[in-house]
Amino acid sequence: MELKPTTKLRGTVTIPGDKSISHRAVMFGALANGLTEIHGFLQGADCLATIDCFAQMGISIENNQDTVLVHGKGLRGLRRPSSALDTKNSGTTTRLISGILAGQPFETTLSGDASLNTRPMGRIITPLSMMGADITSLSGNGCAPLRIRPADLHGISYSSNIASAQVKSAILLAGLYADSETSVTEPELSRDHTERLLRAFGAELTSTKTDDGAVSMIRPCNELFGQKIFVPGDISSAAYFIAAGLLVPHSEIVIKNVGINPTRAGILSVCEAMGANITYLSKTNDGGEPTADLLIRTSELHGTVIEGSQIPTLIDEIPMIAVMAAFAEGTTVIRDAQELKVKESDRIAVVTEGLKRMGADIQPTDDGMIIHGGKPLHGAEINSYLDHRIAMSFAVAGTICDGTLTIKDGDCVKISYPEFYEDLYSLGK
């Protein structure tokens with residue numbers, strides 16, 4: 001992909017549905033009795049991998065693009081697939097479905113693409129094994145392929161040393177099949193879509209804050225019930241248009257129906273701390289997920305510090321924040337984000353490499369980056385390393401920098417946002 005600078009961005013954009021919620025709506029709908037209607041489903045490669053996995057386990061799923069109908073068969077209605085489940089590049093599919101499969105009466109193998117099969121799965125293998133699950137890394141290195149065999153599960157109280165929605169969700173989903181209540185304690189509250197949706201489907205689940213952190217507890221369940229789910233726009237996908245609207249001169253854009261769940265919307269508070277002009281319009285709370293239209297206007301941004309409890313609320317947006325920081329005045333420091341090293345790419349290294357190619361003053365650290373902003377940036381050739389968030393972040397940079405910016409393997413955006421480039425171009429017409 002080649003990007004050239006634009007003079008302004010104007011108009012309205014409706015971003016695709018939230019990836020995290022789309023995954024979970026299909027999974028929980030498959031485990032529920034009756035029909036689940038999912039409106040606003042994200043037609044990205046990761047979420048389609050989740051549909052494929054449950055279809056292989058006997059669940060009838062009608063994908064009508066914006067609306068997906070899941071004909072659930074209950075908590076114990078899945079059947080053994082005829083071959084290994086292919087989770088493609090989706091870490092969410094792999095980790096969450098492992099918790100579900102741990103409670104099934106049949107053996108299953110999970111495997112993904114070359115990138116997925118290098119990402120750490122020990123973080124779910126350990127707690128699921130503590131619950132009695134028979135789960136093995138077939139490669140022996142704590143990564144997929146994973147083999148999961150039938151086992152009797154028992155409830156545990158697990159303290160996680162990282163705030164990870166995927167780890168928490170895998171444990172809570174296994175807890176549906178355990179013999180007693182299961183709890184997960186995190187140092188900070190990670191995104192809580194699993195808790196919100198499971199409660200909507202009828203699970204008995206509580207969330208509390210203690211001196212030790214955030215605690216989510218689930219009791220064993222006999223039945224979930226089909227629901228009608230309205231998926232809000234994905235804040236992680238909105239992040240690129242928020243950044244573009246703030247950085248490109250003479251811009252004013254409206255981003256429709258964005259999910260602003262506080263466990264996900266850390267980028268909004270960071271932007272505001274950097275001096276962003278963001279107005280919230282038409283706030284709603286349909287289906288338990290808060291949403292709003294966002295009015296974004298060009299702003300003079302300055303550096304800030306991002307650390308601690310902020311990190312779980314914006315971990316996927318840090319590449320975009322780093323690009324914003326390179327264009328902002330002053331210094332931005334990002335700490336406590338070592339999780340970036342084990343995403344689709346080592347995002348600390350890849351963001352640093354790309355921004356340095358453009359002329360930015362950026363230093364990587366063990367757990368983040370230090371960015372001295374305000375220097376003129378120029379076009380360059382950027383390697384996406386097949387990481388959709390890297391490609392989209394640098395595409396935004398390409399609308400602002402001097403000259404042409406080229407993104408190698410830029411079509412990897414289809415993982416989460418197939419129409420990304422079209423939507424970005426439409427605002428610049």
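Author: Start with handedness: a crossing is left-handed if the near helix is turned anticlockwise from the far one by less than a right angle, and right-handed if clockwise. Helices (H or I, at least four residues) and strands (E, at least two) are DSSP runs, numbered from the N terminus. In this structure, α10 passes α11 in a right-handed crossing. The model is predicted: local features need pLDDT of at least 70 and side-chain atom pairs count only at pLDDT 80 or more, while totals for chains, interfaces and linings use all residues. Residues are numbered from 1 along each chain as its sequence is written, and side-chain values use heavy atoms, with hydrogens and water left out.

Reader: At what angle do α10 and α11 pack?

Author: Axes are lines fitted to C-alpha atoms, for helices over the stretch in contact, and angles run from 0 to 180 degrees between N-to-C directions. For α10 (residues 347–357) and α11 (residues 388–398) the angle is about 25°, and the axes are 11 Å apart. That makes α10 roughly parallel to α11; angles under 35 degrees count as roughly parallel, over 145 as roughly antiparallel, 65 to 115 as roughly perpendicular and the rest as oblique.

Reader: Which residues of α10 and α11 make the contact?

Author: Contact means heavy atoms within 4.5 Å. From α10 come Arg347, Val350, Val351, Gly354 and Leu355, and from α11 His388, Arg389, Ile390 and Phe394.

Reader: What is the largest nonpolar core?

Author: In soluble globular proteins, nonpolar side chains tend to be buried together. A nonpolar core is a set of buried Ala, Val, Leu, Ile, Met, Phe, Trp, Tyr and Cys residues joined through side-chain atoms within 4.5 Å. Buried means under 20% relative accessible area, exposed over 50%, partly exposed in between (1.4 Å probe, protein chains only). The largest core here has 77 residues, and Leu355 and Met358 are among those with the most contacts inside it. Its largest share, ten residues, comes from helix α7 (residues 235–247). Apart from it lies another core, of 64 residues, among them Phe28 and Ala178.

Reader: Is Ser237 buried or exposed?

Author: Ser237, in helix α7, is buried, with a relative accessible area of 2%. Leaving aside neighbours within four places in sequence, Ser237 is in contact with Ile15, Ser416 and Tyr417.

Reader: Where does Ala30 lie?

Author: Ala30 belongs to helix α1 (residues 19–31) and counts as buried at 0% relative accessibility. Beyond four places in sequence, its contacts include Phe54, Ile59 and Val70.
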